[in-house]
Each structure stands twice: as structure tokens, then as C-alpha cells.
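User: I have a model open and want to read it feature by feature. Please give me the general idea first, then the case at hand.

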Amino acid sequence: MTVVKTMSIRIVDPKAERLIVDLASQNLIEIDEPEVDEEAISALDEFSLIGRDMDAWRKSQGFTEKDEPTMEEIVAICKEARAELYADKQKNTACR
């Protein structure tokens, strides 16, 4: 039976953070993010949290870096979404 230890750490060097993230990506450790006051969170922190959530979801779904869309695919998706939004706007304007 494996003994699980819980520790609280303070990162003092950015290199250490990269090492910790590397250990987490190898499933050697789990990182629990501290509870965050929703009203005190900055836009940059919120963006980081969203990125972590997306990374965790992609990992849970079995996606790899090879599955990442190319820039051309991203541009095509954006153009399609804009065209749909524009069509909806035109339809709503015509209904007035």
C-alpha cells in the first residue's frame, strides 16, 4: 500500500514551478489549487484557471499535442462562427 503525503509548499524560484508541473504531468503528484475569492480574482488569474481547466479536460479526453488544431483550422472555425453570427444579425434585422 502506498502512503500518500499532503504538503504545503511555497515556490521561490520559477524553475521549481516548472519541475512541479512536470511531475504533475507524469501523474507523480497532484496539485490542488487554493480556494479563490471570485471577486478578488484578476483577469490574468481567471485566464490561467480557464487554461488549466481546459488542459485537464483535454487530458481526461485523451487528446495529445498532435490533436491540436493548426492555425489554418482555427482561422476557418472563426470565419465560420463570424458568418453564422452575421447571418443571425441580418435575420434579426430583417424581422424588424
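User: Let me start with accessibility. Is Lys5 buried or exposed?

Analyst: Buried means under 20% relative accessible area, exposed over 50%, and partly exposed in between, with a 1.4 Å probe and protein chains only. Lys5 has 66%, so it is exposed. Lys5 sits in the segment before H1. From Lys5 to Leu23 is 18 residues in sequence and 15 Å in space, C-alpha to C-alpha. One caution: this is a predicted model, where local features need pLDDT of at least 70 and side-chain atom pairs count only at pLDDT 80 or more, while totals for chains, interfaces and linings use all residues. Residues are numbered from 1 along each chain as its sequence is written, and side-chain values use heavy atoms, without hydrogens and water.

User: What is the mean pLDDT of the protein chain?

Analyst: pLDDT is the predictor's confidence in each residue, from 0 to 100. Where it is low, the predicted coordinates should not be read in detail. Here the chain mean is 82, and 91% of the residues reach 70 or more. Among the elements, helix H3 (residues 71-94) has the highest mean, 88. H2 has the lowest, 83.

User: Now the helices. How many residues does H1 have, and what span is expected?

Analyst: Helices are DSSP runs of H or I with at least four residues, numbered from the N terminus. The expected span is 1.5 Å times one less than the number of residues. H1 has 12 residues. Its first and last C-alpha atoms are 17 Å apart, close to the expected 16 Å. H2 has 19 residues and should span 27 Å; its end C-alpha atoms are 27 Å apart, so the two values agree.

User: Which residues have a positive phi around these helices?

Analyst: Look just past the helix ends. Gly62 follows H2, with a positive phi near 85 degrees.

User: And within the helices, where are Leu49 and Ile74?

Analyst: Leu49 is in helix H2. At 26% relative accessibility, Leu49 counts as partly exposed. Glu33 is 16 residues from Leu49 along the chain, and their C-alpha atoms are 9.2 Å apart. Ile74 belongs to helix H3. Its relative accessibility is 34%, so Ile74 is partly exposed.

User: Last feature. What volume does the largest pocket have, and which residues lie nearest its centre?

Analyst: On a 1 Å grid over the protein atoms alone, a pocket is an open set of points with protein on both sides within 12 Å along at least five of seven lines; lining residues have an atom within 4 Å of a point. The volume here is about 1,600 Å³. The lining has 32 residues; Ala24, Glu30, Ile31, Asp32 and Glu33 lie nearest the centre.

Note on methods
1 Å grid on protein atoms, 1.4 Å probe; cavity = no way out; pocket = protein on both sides within 12 Å on 5 of 7 lines; lining within 4 Å. Points joined across faces, edges and corners; volume = space filled by probe spheres on them. Helix = DSSP H or I, 4+ residues; strand = E, 2+ residues; numbered from the N terminus.
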